[in-house]
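The following paragraphs lead the reader through a structure, chain by chain and then contact by contact. Please keep the sequence and the model in view while reading.

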Amino acid sequence: MIDQAPALILLIPFLASIIVALVGFRFRAVCYPLVLLGMAGSVWASIVTLLSVLEGGVIRYHLGGWEPPFGIELRIDGLNALVVVVVSSVSLLAAIYSKRTVLAENGDKVSQFYSLFLLLATGLLGMVLTGDAFNLYVLIEIAALTSYALIAMGPKRATLAAYKYVIMGTIGASFYLLGVGYLYIKTGSLNMVDIQEQLVARDLAGSPAIMVSFILITVGVWIKMAFFPLHAWLPNAYCFSPTTSSCILAPLVTKVMVYVMVRMMLTVYGAEYTFAHLEWSRIIVWMAVLAILAGSISALGQTNLRKMLSFLIIAEVGYMVGGVWLAEEMGMVGSIYHIISDAFMTLCVFLFAGIIISKTGKTDLNALDGMFKKMPLTMVGFLAGAFSLIGIPPTAGFFSKWYLIQGGINSGRWEYVVALLISSLINAVLFFRIIEIAYFGVKPAEGHDHHHSDGHDKISEAPLSQLIPLLGTGVLLLVIGLYNKDIVAVISDFLSSSNLGSGIR
Amino acid sequence: MKILGLIAVILTGGLLLSAVHDFPDWGDTTSPANSYRLSQYYITETIHVTAVPNMVTAVLADFRGYDTMFETVVIFTAGIAIIGVLRRYGPGPKLAAPKETISKEKPDLIITTTCRLLIPIIQIFALYVIAHGHHSPGGGFQGGVIFGASFILLAVAKDLQTAQKWVPEKRVLKLAVIGILIYAGFGLVAMLFGSNFLDYSVLHPLMPATDSIMARSHSMLGVEIGVAFTVTAIMFSIYSNLASGGDLKEGL
Amino acid sequence: MLESLSPSFNYWIYVIIMMIGLYAMISKNNFVKKLIGMSIFQTAIILFYVSISVKEGSTIPILYHDQIHPEHGEHHEDGQGDHHQALDTLAKEHHDSHADHGDAAAGSHYPDLVIKPDDFSNPLPHVLMLTAIVVGVSTLGVGLAITQKLYGEFGSIEESEILDTIKSSND
């Protein structure tokens, strides 16, 4: 059983989704327990896998019993073992939260919603696990198709956002597919490790086709992760979608795409090739700086809670892309650590937004009026996420920023360091504004009739199915922060095995 | 927007063309893709290790069977997604008001007679394409699409209700799920036999008079049948949902 | 000029088709036209991949019946020698490359069958494109469903009209 754990990570939610599609049609009550069971099984299998990777090094699981490159393999090293645990546990927490909201938002389509939800988790887990470049494309498309549908199941504006996402997402995935084609035509292989070996064996470092494939794959992945000039699809998609959808989409999709970028850069092309052109990385770090500033400043102007958080995601993507392209080990460590911490931070604040929307029915910031009195536990959970996004120790967000800033200083990219600090400042302003509204109430000038209605409102603490994931995420943020040394040790192990040092001058 | 689009398109096209001179010539047998051990192995060894003469089927259903399973899942996802986005249950305002009303006249005699003759032939041909995928172009996807097309033809020639009698929505979901379960089932049973997911070679104890190589060949047929189930069901489901605007009552 | 193009003619054509599709996806105002552009784009990629697999003078990657059973009907009972003679026409020089994978072929049902790689086009891109076609169809289906829902909600499939509707409802 333990040998099969890598495959079970995605097979359990996959089978659960199929059973939900079949049975949930008639017995709606079965859906929720099945979803929880599927995701819990996935978490168990991913933790087992992580432990065995930590013990015995890289796991290579040959599907169909074929040796790579002839067959497809799941290749699990320190990096994706960590990310897979994050993906499965975030999905589990989002699944716990979904109990009431799905019924409220998509009451007539519960089984379809949950089936798509589990398929999305399957696609994301598969993307993280696979060691085959083309298989990655198929799984990108599964994750994409499910996200289009999960967004389009929302009200009016969501459909338009979903359509834009279809167009942008397809362009991104097609660019990726073309990039794989250019790699295939020059190397003849599809297995990631084998492509790397072929690139070295055939001495293709100077080949224009490989260069073009690198650009295509990078741009394709950037579109998918909403890197700044290519971000147009994201804010509306995450803002208008059903709250349950945004709770799994917002934390995971962009982060998994960042993982794909790191995987492509380090495993397929190799650090040496990627960072051979240092002018590139200089330009890309500047783009990341722009992304951070644009995301943060746009967030300042929003009055819709979820839209504000969506713009913060764009800034966070800027952090990670910039950190990776600093071409420096500490920056890379910081980015990978930030994938982990940002997934939980985003989950935390989006869960909070979901709770507020389902409780008050309002989407703007004024809905938070006096929430500290009405739902103190929810606010405590939110504070963990907000402090983490601002970067207050000892939360996970503080440590990821710490490593990123160290990377920026080590490589002498002061513009990146400054952008990080400005963004933290803006986050502080944003979240203290929320805390102010929630603690002291809306200022009389803005909403005088709300101010005195505290006693009459029937809003009370969120139900347990929503509180547990929120508080659980808050605790996890602290745990990730406190155990940052151990996580960073795993990441450094991975980086030293992928020869990052030799590629960076 | 138009100018922006033009610039993006020209940039992309220029980027793609800039690498064309670096490609091996068209039809070059010594190009990396054609001479690397991967494609060589598929061509020379497929018949020996799987006993299937159609290399495309063998690569599709066995060497890259994991990909193909998810390909089936993509179809399944699309079906569920379209139901999720479009389907409306019960009465309720019709979302898309049709501009031209559909004529309620009885279908033409020539059309109905032709369909009655054609549909069985199409379905038998579909079964042939599914079953003969090992030896000739074909397989689960192609056969499934042809089978699904026969129901679509019925819906087009008569009306959606007639076709719905044969494949109502619940049956569509059942068929699609059964198809994927057949595919995943082959993989899971292989896991029970102590091997990796989708390793068909260990399944030979289940099949009479086969060794591990023929087990691969037979399992591929089974897998293709599973694919055909899903594709048939979902193709019809996509058509009927799109044609009726999600209420499955009356369509084109 | 033309001669320098001809070895890579397919690749030029695919880029041009792809540009048409991409332009439609970005610039068209009509949502269905955008989806048509998407379809063209994906078809161009299929053309590109299939072009990779072509080999001069090769055929489709399916073994003929005669090749597998050289003497019709008696392939199981027959001695090995006859097989070998009948197969002599099939590239013997490739015996060496065959021997490399000798262990993989242990227990083969056709132990004497030797296949020359240059006779068949590369099967792998065909397999990949089968997958890409399926993905393309699925994306198109979901795209059309979303377009239909949009039409139901806004009464239009023109991007500018829908944006106007949203703007006027916000004011």
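This is a predicted model: local features need pLDDT of at least 70, side-chain atom pairs count only at pLDDT 80 or more; totals for chains, interfaces and linings use all residues.

The C-alpha trace of chain A extends over about 75 × 55 × 40 Å along its principal axes. In secondary structure, chain A comprises 22 helices and 2 strands. Of its 505 residues, 67% count as buried. When contacts in chain A between residues at least 6 apart in sequence are considered, 80% of them join residues at least 24 apart.

One pair of helices in chain A may be examined in detail. Helix H14 (residues 329–360) of chain A and helix H21 (residues 484–497) of chain A have axes that come within 10 Å and cross at roughly 120°. An angle from 65 to 115 degrees would count as roughly perpendicular and one over 145 as roughly antiparallel; H14(A) and H21(A) are therefore oblique to each other. The crossing in which H14(A) passes H21(A) is right-handed. On the side of H14(A), the residues that meet H21(A) are Glu329(A), Met332(A), Val333(A), Ile336(A), Tyr337(A) and Ile340(A). Their counterparts in H21(A) are Asn484(A), Ile487(A), Val488(A), Ile491(A), Ser492(A) and Leu495(A). Sorted by class, this contact of H14(A) with H21(A) contains 9 nonpolar, 2 polar and 1 charged residues.

Of the 252 residues of chain B, 52% count as buried. Among contacts in chain B with a separation of 6 or more, 67% are between residues 24 or more positions apart.

Chain C likewise may be described through its elements. It has 8 helices and 0 strands, which follow the pattern α-α-α-α-α-α-α-α along the sequence. Buried residues account for 37% of the 171 residues in chain C. Of the contacts in chain C between residues at least 6 apart in sequence, 65% join residues at least 24 apart.

The contacts between chains remain to be considered. Where chain A meets chain B, 50 residues of chain A are in contact with 44 residues of chain B. At least two residues of the chain A side come from each of several elements, including helix H1 (5–23), strand E1 (59–62) and helix H4 (110–129) of chain A. The largest share of this side, 11 residues, is supplied by H5(A). By class, the side of chain A that touches chain B has 32 nonpolar, 13 polar and 5 charged residues.

Chain B also meets chain C, in a contact that takes 57 residues from chain B and 55 residues from chain C. On the chain C side, two or more residues each come from helix H2 (9–27), helix H3 (31–53), helix H6 (95–100) and helix H7 (123–154) of chain C. Here H7(C) gives the largest share, with 19 residues. The side of chain C that touches chain B has, by class, 33 nonpolar, 17 polar and 5 charged residues.

Methods:
Residues are numbered from 1 along each chain as its sequence is written. Chains are lettered from A and ligands numbered from 1 in the order in which they are written. Helices (H or I, at least four residues) and strands (E, at least two) are DSSP runs, numbered from the N terminus. A residue is buried if 20 or more other C-beta atoms lie within 10 Å of its own, exposed if 12 or fewer, and partly exposed in between; C-beta atoms are placed from the backbone. Two residues are in contact if their C-beta atoms, placed from the backbone, lie within 7 Å. Axes are lines fitted to C-alpha atoms, for helices over the stretch in contact, and angles run from 0 to 180 degrees between N-to-C directions. Angles under 35 degrees count as roughly parallel, over 145 as roughly antiparallel, 65 to 115 as roughly perpendicular and the rest as oblique. A crossing is left-handed if the near helix is turned anticlockwise from the far one by less than a right angle, and right-handed if clockwise. Ala, Val, Leu, Ile, Met, Phe, Trp, Tyr, Cys and Pro count as nonpolar, Asp, Glu, Lys and Arg as charged, and the others, Gly among them, as polar.
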